[in-house]
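Hi,

Here is the structure I promised to pass on. Have a look, and my notes follow below.

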Amino acid sequence: MRGIVFSEPGNGMYTTPVESLKHAWDSIRVPILVPILKIAMSFCIMMSVMLFLERIYMAIVIVVVKCFGRKRYTRYKLDALKEDLEQNQNYPKVLVQVPMFNEKEVYKLSIGAVCGFTWPSDRLIVQILDDSTNDNLRKLVEDECKMWMRRGVNVKYETRNNRNGYKAGALREGLKKQYVDDCEFVAIFDADFQPDHDFLWRTIPYLLENPELALVQARWKFVNADECIMTRLQEMSLDYHFTVEQEVGSSTCSFFGFNGTAGVWRLQALHDAGGWKDRTTVEDMDLAVRASLRGWKFLYIGDLEVKNELPSTFKAYRFQQHRWSCGPANLFRKMFKEILKSERVSLYKKFHLIYAFFFVRKIIAHWVTFFFYCVVIPFAIVIPELHLTKPIAIYLPATITILNAACTKRSFHLLVVWILFENVMSLHRTKAAIIGLLEANRANEWVVTEKLGNAAKQRQAVRAPRRRTCRLRERIHLLEIMMGFFMLQCASYDIIFGHDLFYIYLVLQALAFFAVGFSFVGTQVPT
């Protein structure tokens with residue numbers, strides 16, 4: 001043993017464990033890690049450039065649209081259309097569907113809002129699709145429907161003995177009812193959405209004026225954006241989606257992804273596209289893509305807002321982001337060949353669907369955020385053989401970030417926090433996108449986003465609610481904690497051996513991972 005401990009380093013033996021670890025690190029760093037990371041860096045740089053160009057393109061389009069008044073919905077004379085409809089009194093019959101599942105906190109809000117529509121009562125059917133598993137809650141929802149029936153609203157309360165197909169299954173079953181046969185349009189709202197009383201007057205005329213329109217989509221307005229930092233950060237991300245992505249899609253090629261709620265469909269188009277399918281967790285996007293491939297057009301109305309609630313617990317937000325990231329990737333896998341073979345749409349629209357809509361926005365955006373900013377850049381700091389240029393590491397991400405955050409001016413001071421939080425969430429989104437592409441076990445996992453009824457609480461609250469605790473095991477997220485330690489290790493290396501200031505980013509990012517890993521984000525509620 002003594003001979004082993006005190007042997008000379010030149011003979012391949014090491015006097016301390018630290019030297020042994022250093023030798024082991026050197027033996028795998030150059031021959032194994034460096035080639036892999038160089039390839040990964042090349043792919044990440046290429047993806048960053050693709051995302052950057054897509055963001056620049058959309059920024060140019062939205063500037064042109066706003067400066068020259070080229071928003072597609074402004075080409076219609078809504079007031080004249082409404083006046084003509086009122087004079088002729090040839091009102092189409094409209095079905096309003098509200099699917100819900102154990103929505104104890106919000107069911108009254110949505111039912112009350114849709115039953116308050118000013119559309120002629122004899123031309124309106126409100127259909128409440130209740131898949132709740134709680135019998136007491138079902139009774140409460142049914143009683144609420146009966147109350148509105150007594151007030152003269154044509155409300156249909158529908159239930160199922162199973163949850164086959166989840167939301168898509170409920171909507172599909174609802175359309176099979178005999179009383180739906182003479183309806184021309186269907187408006188869809190999730191259980192936490194509260195449309196204004198004139199919503200149908202501000203959407204149906206567009207569909208009547210243009211028979212090529214299949215969908216009119218409204219914008220979301222968040223009633224609980226100020227509840228906590230996490231909801232403010234969600235608002236920043238979603239504002240970009242509605243202000244830029246939806247508007248650009250509507251203005252350039254009359255296509256965008258249906259948001260699953262706050263929209264009105266032409267039933268003819270919905271049936272022509274094949275109706276609701278439950279093959280993915282994004283049944284709304286699935287229907288929109290199929291309808292677009294059949295030649296139907298969509299219209300986004302940016303100044304029509306519908307109040308709704310953001311998930312305020314991290315658990316609910318995590319499940320929602322899994323569904324929103326996994327579903328599109330899985331749908332891309334299923335519809336890639338169908339899009340290529342479609343004969344009713346132009347080559348430009350096929351390119352837009354495959355490259356911009358699916359590949360860049362639904363896959364690349366998640367992958368480059370996680371792999372580049374949370375894996376490759378930290379490794380580049382501890383491995384000197386990896387050379388990272390500042391334009392790629394700093395300027396491109398900064399431009400993309402500013403373009404994203406510029407849509408929410410009131411939260412611009414939260415820009416750094418938003419970047420750090422989005423990087424953390426990219427871990428879940430990347431994992432979900434890979435699961436969707438590979439169609440792995442959780443590809444069809446559907447967890448209803450928990451709503452806390454914040455709109456009602458904000459109106460009725462006399463004082464702010466106390467922060468409540470949940471089970472300890474549900475507060476610990478190991479993946480985030482492990483990433484936090486990895487970031488912290490790279491930051492420590494940069495502080496000791498580095499010649500730049502990357503450790504500032506790494507320390508802040510590590511703190512963000514730890515904050516999420518130990519559930520110091522969002523509202524805490526008891527399990």
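Is H477 buried or exposed? H477 is buried, because its relative accessible area is 10% (buried means under 20%, exposed over 50%, partly exposed in between, with a 1.4 Å probe and protein chains only). You'll find H477 in the loop between α16 (472–475) and α17 (478–497); helices (H or I, at least four residues) and strands (E, at least two) are DSSP runs, numbered from the N terminus. Skipping residues up to four places away in sequence, H477 touches F314, R318, V516, G517 and S519, where contact means heavy atoms within 4.5 Å.

Some housekeeping: this is a predicted model, so local features need pLDDT of at least 70 and side-chain atom pairs count only at pLDDT 80 or more, while totals for chains, interfaces and linings use all residues. Residues are numbered from 1 along each chain as its sequence is written, and side-chain values use heavy atoms, with hydrogens and water left out.

On confidence, pLDDT (the predictor's confidence in each residue, from 0 to 100) has a mean of 89 for the protein chain, and 93% of its residues reach 70 or more. pLDDT stays under 50 over residues 1–10, and also over residues 458–469.

Cheers
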